[in-house]
Amino acid sequence: LVDETEVEVFSVPSYACQRRTTLDNHNNVLAHALSLLAENAELEDEDGRGVAFRRAAAVLKALPKPVTSMMQLRGLPCLGDHCLRVIKDILETGTSSEVEATKQSERYKALKVLTGIFGVGAKTAARWIRDGIHTLQQLRDSGHTLNRAQQAGLEHYEDLHQQVTKAEADTIGEIVERAVVSVLPGAQVVLTGGFRRGKLTGHDVDFLITHPVEGREEGLMPKVVSWLESQGFLLYQKTTRNSYLESNDGPARPASNIDRFERCLSIFKLIKEDKHETKQLGKLSENGLETPEDTCSSLTHVQTDPNPATPSCAKGQIHSGEDTGHRLWRAVRVDLVVSPISQFAFALLGWTGSKLFERELRRWAGYEKAMSLSSHALYDNNQSRYLRATSEEEIFAHLGLEYIPPSERNA
Ligand code: DCP
Ligand code: MG
């Protein structure tokens, strides 16, 4: 029996942006269970419920010790009755019946598979399920028209579900860097997203690009994309141009949380580093990737093969691994964003995540400070003016928050 007087009652601040949340935490099982319910709510297109579960999961991630008794949770923020019931279930029985039932449900499984296709959101998946489509094969057989993104997503489904490693992210970073400095010397590339927070794997690789001279970044993205395309690095790309200046959303407040930077959603063709073969046969080619020397004449040739599933040159099968069923390349999701230097600190903060941390920063700004924060700017509604910043530290200071480094933004 637990002596109630000896139970340590936890206490954490309400907003995730006031807390330090590292990748490791003491309550993985509980946080994972609540995250699954959040995911399920998001898949059902119920964002409000999704956020509530995400906030609860984030509170558990921030606790200094494992939860052993419900009494420790008294007074903690963001834990509603529903969440407390799930936690109680797990503390008492080791599992949550609701979480287990969700995992087993055909609808959850189908929504997960279908939204797992790049380019497919919750609404599209729900529509397909109403048409009786639950699997990739059923989708392929259905004759439904897919847009270009969804076609690419379906084609590269397996690859895009393999986690991207930090080593792969760094290799892609070198390629993006080369592309960027080739078309605009002096431009800078920063790795953002989960990898900047110290994650060892990710579902994609996110980069932010800028130039130290304001305005020089204009028109950069199409040139970068052309360079990457000419080198055969892109399997798919869709560029949306910067619409910040022409937007009428008012101060720092895009109509949605999606920002308006020039942005390129892409799928890269990344040559795998095959240690044995490249060590024996490889040499460093012009674009820095190791390539076996007496098979293809140039890596450009390998990379621009219009049909990536076939060997890229006559002797390609020697190293392409077709005979053994292994390809020497894989598809990787890459996001590129271009920001003018004057907005860079806001873009960096906005693109580092986590998604919940970002959401909480904006909620804090609005509710506690009467400010509007976006990935472009910070507007003070009381002073009716924009607050400038050249670093993330300055933005936290404007918001009256203690600075939280990227590695502790894993809410
Ligand atoms: N982001 C944003 N607006 C968007 C998309 C993303 O502000 N429309 C931000 C929040 C995310 C970051 O950019 O944390 C990167 O988005 P990801 O979806 O790539 O998320 P992560 O990089 O954090 O996770 P993962 O490791 O799964 O890629
Ligand atoms: Mg990412």
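Residues count from 1 along each chain as its sequence is written, while chains are lettered from A and ligands numbered from 1 in the order in which they are written. As the model is predicted, local features need pLDDT of at least 70 and side-chain atom pairs count only at pLDDT 80 or more, whereas totals for chains, interfaces and linings use all residues.

Let's start with ligand 1. Its shell holds 16 residues, with G193, G194, G202, H203 and G353 coming nearest (a residue is near if its C-beta atom, placed from the backbone, lies within 6 Å). Helix 11 (193–196), helix 16 (344–352) and helix 17 (355–369) each give two or more residues to that shell; helices here are DSSP runs of H or I with at least four residues, and strands are E runs of at least two, numbered from the N terminus. Ligand 1 lies between domain 3 (164–338) and domain 4 (343–408), because both give residues to its shell; the domain bounds come from an automatic or database domain assignment.

Now for strand 4 (residues 205–210). Six of its six residues are buried, so the strand is largely enclosed by the rest of the structure. Buried means 20 or more other C-beta atoms within 10 Å of the residue's own, exposed means 12 or fewer, and partly exposed is in between, with C-beta atoms placed from the backbone. V205, F207 and I209 cover one side, and D206, L208 and T210 the other.

Here is how the strands pair up (pairing takes at least two DSSP bridges).

| Strands | Direction | Bridges | One partner pair |
|---|---|---|---|
| 2 (188–191) and 4 | antiparallel | four | V190 and L208 |
| 4 and 9 (329–338) | parallel | five | V205 and V334 |

Which residues does UniProt list for "binding site"? An unreviewed entry names D204, D206 and D335, and such annotations may be inferred rather than shown by experiment. They are spread over 132 residues of sequence, yet their largest C-alpha distance is 7.4 Å. D206 sits in strand 4 and is buried, with 21 C-beta neighbours inside 10 Å. D335, in strand 9, is partly exposed, with 16. Leaving aside neighbours within four places in sequence, D206 is in contact with T192, G193, D335 and W351 (contact means C-beta atoms within 7 Å).

Key. Contact = placed C-beta atoms within 7 Å.
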